[in-house]
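Welcome, and thanks for taking a look at this one. Please open the structure below and keep it in view while you read the notes that follow.

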Amino acid sequence: MDDTKLLVFLLCFIAQFCLSISASDQVNSFQSVPDLEKSMYMAIDGYPCVRLLNLSGEIGCSNPGRANIVAPVARFKTANKLAEPSALVVSIDQFEELFGRLSNDAEFSRHVVGVLVESGSQLQNGLKGFSPDKKFPQAEFAPYRSGSFEWNPIGSGLMWKAYNFPVFLLSNSSTSALQEIALRNEKRKKSYTVDVADFNLVMQTTKSGTRDSESCLREQTCLPLGGYSVWSALPPMAISSSEKAKPVILVVASMDAASFFRDKSIGADSPISGLISLLTVVDALSRVDGLKDLDKQLVFAVFTGEAWGYLGSRRFLLELDQHSDAVSGLDLALIETVLEIGSVGKGFAQDDKTFFAHSTSETATNGTLSAIQDALGSLRTQSIKISRASKSNPGLPPSSLMSFLKKNPKTSGVVLEDFDTAFTNKFYHSHLDDLLNINSSAIVAAASVVARSLYILASNKKEIKTSALNTININASLVEELLGCLLSCEPGLSCELVNRYIAPSTSCPSHYVGVVLGEPSSQPYPGNVGDVPRFVWNFLADKTAIPSKNLSSTCPKGCSGKGEMCVKAETDGKGVCVISTTRYIPAYSTRLKYESDTWEVLPHNSSDIMGEADPVWTESNWETIKLRVYTVQDTRFDTWILLLGIAVTVLSYIITVMAKAFITKALKRD
């Protein structure tokens with residue numbers, strides 16, 4: 001009888017224990033599968049290096065196959081030997097050293113299956129420089145043969161190579177998390193768990209085996225790099241064809257940057273400082289009276305795709321040759337001179353605060369250079385200097401003006417830069433070329449000189465009253481506002497200025513060119529145009545406009561008068577009708593043709609001089625790029641768990657049989 005009581009007591013205890021576990025589980029139960037996933041996986045914020053293609057092959061990064069890559073997280077150390085495939089956490093100052101070792105050490109390279117790059121603006125001050133572009137960026141498009149010249153001496157060329165493993169630039173918060181995880185893994189060498197990184201970075205070109213632009217466009221697994229450039233006339237061009245067209249002074253800047261990491265292409269100095277300078281020049285000149293009475297026409301052009309084979313400027317020249325709707329009112333023969341505003345954000349990095357004028361030829365640009373010096377003199381300051389670039393330079397630095405010079409070697413043109421024989425920008429085409437890398441005062445100074453130079457050139461008069469030039473002043477507050485809008489996440493594209501014109505799709509600006517969506521058109525669907533080009537179009541259209549005569553016009557359908565267009569339509573769905581000569585220009589390779597919803601690579605045309613060097617850049621398609629971290633158990637531990645489970649099962653069976661026999665015997669005694 002005592003044995004029976006003891007057995008009943010044990011059964012009650014087990015039942016009570018199970019109920020307590022059940023209750024505990026209910027308290028800590030997950031409400032949904034996403035809740036369970038969040039407890040298991042840590043999502044990592046970052047910026048991926050992606051796969052790009054050209055006519056001869058691939059560059060950039062991707063997983064080697066269709067499956068995700070899962071590997072333990074470890075810190076990169078210069079002397080360590082990796083015992084197993086690992087995802088390495090590396091600081092930016094060791095980035096080039098790591099990739100150099102990957103190229104030279106096959107055994108080490110075999111064990112590196114992913115790279116996680118730490119971020120942090122504090123690193124910039126300690127770096128001598130970091131530029132993944134070449135020492136002579138896009139030398140193949142230069143109108144002279146000096147490919148060995150080093151405009152960018154810090155350049156490593158790493159962004160132009162192909163890597164069959166994923167590379168992520170971590171956000172600031174994710175950097176701290178991954179550093180802790182890597183350190184924890186180092187301390188867990190004898191532990192049965194390890195933290196791993198899971199890379200989902202599979203490109204469609206990898207899946208289908210389309211390894212170049214022509215094949216991937218044919219299979220529709222990629223899209224061509226490109227977007228939309230913008231040009232605008234100040235004042236608007238005369239509608240009446242009876243009026244004689246004026247000679248054109250073309251002012252040029254770029255709005256796209258490049259980087260090893262697709263969505264972290266900021267380009268503060270190169271080229272966004274020039275873009276901001278151009279926008280503030282237009283703002284300053286728009287407030288000057290009597291521009292329509294000047295002898296020459298001012299035209300402003302902002303190109304995109306310049307970092308990828310000068311797509312914008314080359315397409316602009318082709319559209320001029322074809323007299324397309326995108327350039328209606330413009331004639332290549334009327335362009336008298338080209339003034340390009342290049343990298344000007346570091347013009348005050350030197351003690352003497354000097355900008356450099358790089359010209360196509362001294363004889364062709366004497367008038368422009370003279371106007372620049374006259375403009376500088378009118379500012380009455382000794383702190384700013386404009387010097388001619390060194391005669392030892394082989395020619396123009398990498399710039400849009402190269403496209404014009406290649407088209408017509410006699411082109412009169414000047415590029416204003418913050419460097420002479422080599423880039424002042426230590427972070428050319430890298431994610432570190434951010435707001436901390438430039439000086440707003442330098443942009444104001446460059447814009448002040450350019451604005452007054454343009455007025456002098458457009459007036460075509462030998463003597464201009466100083467009082468007239470003194471009315472042309474740059475709004476320094478606008479420069480600061482544009483810096484915050486175009487180069488920072490706070491406020492970023494959510495700033496008041498941008499929201500006055502468009503409804504941006506994101507707050508954090510990135511100046512990567514992107515891909516061409518839909519059929520290229522001079523009147524594209526707004527959804528197919530990036531945030532920055534849409535802002536630039538609206539800003540220029542607004543600043544260069546004169547009010548519509550029909551104030552009762554409803555926008556946009558009612559803007560039907562000659563030269564009328566609707567600006568600010570995105571903000572309230574209504575907008576304002578104005579008279580302006582502002583247009584989009586498609587920017588994509590001159591070797592491409594869009595027909596029947598597909599892209600076709602055209603044979604090289606002998607009349608397109610730069611087309612022979614055109615690599616025809618495309619970007620692979622993908623669905624979602626993700627990176628996450630979670631903890632896994634060692635396989636040996638899993639084996640022990642399996643064996644232990646089998647042992648427990650067998651033991652449970654034996655105990656059950658014995659308990660059954662015991663209970664049966666006890667009941668018979670009762």
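**A helix pair, a hairpin and a glycine**

Helix α8 passes helix α14 in a right-handed crossing. The model is predicted, so please read each point with that in mind.

**The helix pair**

- Helix α8 covers residues 268–286 and helix α14 covers residues 476–487; their axes come within 10 Å and cross at roughly 140 degrees.
- That angle makes α8 oblique to α14.
- On the α8 side, the contact is made by Ala268, Ile272, Leu275, Ile276, Leu279, Thr280 and Asp283.
- On the α14 side, the residues are Leu478, Val479, Leu482, Leu483, Leu486 and Leu487.
- Sorted by class, this contact of α8 with α14 holds eleven nonpolar residues, one polar and one charged.

**The hairpin**

- In a regular strand, side chains alternate between the two faces of the sheet.
- Strand β24 (residues 598–601) runs antiparallel to β23, and four bridges join the two.
- Glu595 has Thr598 of β24 as its bridge partner.
- Two residues separate β23 and β24 in this hairpin, and Ser596 in the turn has a positive phi of about 55 degrees.

**The glycine**

- Gly120 sits in the loop between β7 (112–117) and β8 (162–163).
- Gly120 is buried, with a relative accessible area of 9%.
- Gly120 and Thr175 are 55 residues apart in sequence, and their C-alpha atoms are 8.3 Å apart in space.

Methods:
Residues are numbered from 1 along each chain as its sequence is written. This is a predicted model: local features need pLDDT of at least 70, side-chain atom pairs count only at pLDDT 80 or more; totals for chains, interfaces and linings use all residues. Side-chain values use heavy atoms; hydrogens and water are left out. Axes are lines fitted to C-alpha atoms, for helices over the stretch in contact, and angles run from 0 to 180 degrees between N-to-C directions. Angles under 35 degrees count as roughly parallel, over 145 as roughly antiparallel, 65 to 115 as roughly perpendicular and the rest as oblique. A crossing is left-handed if the near helix is turned anticlockwise from the far one by less than a right angle, and right-handed if clockwise. Contact means heavy atoms within 4.5 Å. Ala, Val, Leu, Ile, Met, Phe, Trp, Tyr, Cys and Pro count as nonpolar, Asp, Glu, Lys and Arg as charged, and the others, Gly among them, as polar. Two strands pair if DSSP finds at least two bridges between them. Buried means under 20% relative accessible area, exposed over 50%, partly exposed in between (1.4 Å probe, protein chains only).
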